[in-house]
Amino acid sequence: MSDTLRGEIVHNPDSRDHFEVLGLPRRLVVDQDQLSRHYYRLSRTYHPDFHQKGTPAERIASLRRTAAVNDAHKTLRDPVARGRWWLESHGRKLGDSPQVPPELAMLVLEVQEVLENLRQSQDSALAEQVHARNDEIKDELNRRMEMLEDHFARWDALPEGASPEPLLDELAALLAEISYLKTLRRDVDRTLESVGA
Amino acid sequence: MPRILGIDLGTTNSLIAEVVDGAPRVIADPHTGEVLLPSVVHYADDGTVLVGQSAREAEARGTGITIASVKRLMGIGMEHVNADDRTQFPLVEAESGPVQFMIRDEIITPPQVSAEVLRELKRRAEAVLGEEISEVVITVPAYFNDSQRQATRDAGRLAGLNVLRLVNEPTAASLAYGLDKLDHGVIAVYDLGGGTFDISLLRLQGGIFEVLSTNGNTRLGGDDFDRTLARRILEGAAKTLDRPDVLTDRYAWALARREAENAKIRLSKDTETVARLEVPGMDGDYRVLVTRDQYERMIREIARQTLAPCRQALKDAGIAPNEVDEVVMVGGSTRVPLVRNLVREFFGKEPLTNINPDEVVALGAAVQADILSGGTKDMLLLDVVPLSLGIETMGGVMTRIIHRNTTIPCSITEEFTTPADDVTHIDIHVLQGERELVKDNRSLARFKLPVEPQPAGMPRIQVTFLIDANGILSVTAIDKKTGHEHTVEVKPSYGLTDEQVEQMLLESFDYAEEDVTARLLAETRVEAESLLLYTGKALREGPELVDEDERAAIERAADALRKTIEGDDRQAILDATQALDQVTKPLAERLMNRSVKQLLLNRSMDEVAA
């Protein structure tokens, strides 16, 4: 694992830090190819399949480490999961039912209204409208996913000793919006499915 | 090092396979040459237990109790048993609670029935390999939940096997396909077996098989095709012959299902066939013509039910149908042309069918066994948990702790505390499923965590949910205050306790000490007698189809077989059975052709079903 040995990059399979578990540089902008490479290599090292004949202790370690590697991979692969974990590892928690983010309030209200009308009338013209709003939601979501990547880059550029608080606030807000848009999309999909459109 | 074998414990058929010089191969029965062992167990009135083909034949004679497709009932409760299953299986009637069979005043559970099939496979492998087999890999449908997996593992233990790994059937199949040669790509495995349907999407990269998503239905398979046709045949017989009683006759149903299965197989090659049903108390058979077209209309809706899980799996993996590089077909039911057409249309490409769909899962299990024994290090399977796992929280809602399609093994730690003062324990109700409400998900287990009495919210109990590489859950809890750690036993709600398994094991060892040869001899005799019955019937039905010489040859072979049955030489019976089978084959084919011709312009399936 040559690229994990340079500088401050450490591989510690027993760490609670996902970057350390995978031996990746502590950077929020993740190189997906590098992530996969490390993940596969560590899986080949620790997976229980290759320790079946080992001592009980070896098998337990293999199980625990593979679980940690899998968890780290799952978290870092997905930008939203990565952001949430980063927030939590800084002592912040994203509420389970966040308030409607102000910037999305209008869109949310309008979509809920047209969904309600569609549920009651089953009108195909309304279904068209819902499809159009759905595209709008997708665009909003995509835009925020791009913003999240930019946001991660700003963390990586944060000077040593600078306060992370403003960035944490921003990250929390961005993740809340994404979470809200995803819920909205699920509502739309479910409604469209239920009316068979 | 002891050999590790791979077992496909199927709804309809089971197989055992090994890896020799790096290549997997299935182990055939040393006497019959058969690779597939029908997953059928017959409990005869005299206490004999028959497995496989001989159990099927015993079923056709209508005595004793025969259990087929027991996999449908593994690890589920009575409340999940549907009406069809309630007529098909000799169940102990109950609204809820564990599934049990009543067999000669004895209660038998599904894992015990499955264990009979496993024991038979073990015997087969031991006879061929000349050594004791104790370590195996067993495949399960990817969509099996925790209790279904535990029940399968229990069946292995009851058969005296150490189950080193449960592997998901579709992933096993992908190993067998040697797709590791494919440097990288996305493959879909469409697995329609006798009783279960699975779809898995995998990413392949340098020998690593990473499952991206899996979905399915553990209550959907070729059995459902057979039931539909069996019902049509019986309804036709009831109407045409004015015999409504056949619709409620368990024996008639068994015959109709067998014939429906055979007709399905014939219709995969031919465009029409004649279904025949022996009706109790009637001379000759009830016959009806079924065209492939009619058959496809009957089963289309069932087959289409496999597409919704495919869509969900693609969605979960974030993959479009046209991004799938290869589609692998697994399970005997994928031989049905309609199924192939649906899959081809859905993915927009020709599915791979070059490995026998009945064998591919067992071959993959053998490859996984080889990986575990250290034989190959080139391939690695990274599988997922098929269904989300969570706990009950306030208001009867399920809170997910481990989401579906999470790579296993995986472990999640949650901290719990008490809602009131001086509580002495916390109740944890573990659930599996994708629905919002507790009542709509499968209850896996309930347990109590003891805590020191303290003011509300003070205790800090860290609970770790671990899903191992078999997809089976275990739970440990640590009291952060005292540092006390306890492992919580997760007893599946419908499973067997360790004590029950031990007791059953002891009983089965008593049984194993009975003469195994006597049992094998009994099985061979049953097979021979069935063939004699069939031969007599064929000669009566088609006297004009055989000339003198052929008739004489058949009768000579039948007489020879009758003589060997009276003796105790099993090999002699087997040889004589095979000889008779050979000389009657041409007659059987002629009879079949004749009945197709006779019915070609006669009544058809649609009229009967109308």
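# Exercises on cavities and a helix crossing

The second largest cavity holds about 90 Å³ of space. This is a predicted model, in which local features need pLDDT of at least 70, side-chain atom pairs count only at pLDDT 80 or more, and totals for chains, interfaces and linings use all residues. Residues are numbered from 1 along each chain as its sequence is written.

**Exercise 1.** Find which elements give two or more residues to the lining of the second largest cavity.

*Solution.*
- Start with the term: on a 1 Å grid over the protein atoms alone, a cavity is a set of points where a 1.4 Å probe fits but cannot get out, and lining residues have an atom within 4 Å of a point.
- List the lining: Asp84(B), Thr87(B), Gln88(B), Arg227(B), Arg250(B), Trp253(B), Ala254(B) and Arg257(B).
- The elements are α2 (83-88) and α7 (250-267) of chain B. Helices are DSSP runs (H or I, at least four residues), and strands are runs of E (at least two).
- The largest share, four residues, comes from α7(B).

**Exercise 2.** Find which strand gives the most to the lining of the largest cavity.

*Solution.*
- The largest cavity has about 110 Å³ of space.
- Of its 14 lining residues, Arg165(B), Leu381(B), Asp383(B), Ile408(B) and Ala469(B) are the closest to its centre.
- β11(B) gives the most, with four residues.

**Exercise 3.** Describe how α8(B) crosses α10(B).

*Solution.*
- The axes (lines fitted to C-alpha atoms over the stretch in contact, with angles from 0 to 180 degrees between N-to-C directions) come within 9 Å and cross at roughly 50°.
- So α8(B) is oblique to α10(B). Oblique is what remains after under 35 degrees (roughly parallel), over 145 (roughly antiparallel) and 65 to 115 (roughly perpendicular).

Terms used. Chains are lettered from A and ligands numbered from 1 in the order in which they are written. Side-chain values use heavy atoms; hydrogens and water are left out. On a 1 Å grid over the protein atoms alone, a cavity is a set of points where a 1.4 Å probe fits but cannot get out, and a pocket is an open set with protein on both sides within 12 Å along at least five of seven lines; lining residues have an atom within 4 Å of a point. Grid points are joined across faces, edges and corners, and a volume is the space filled by probe spheres set on the points.
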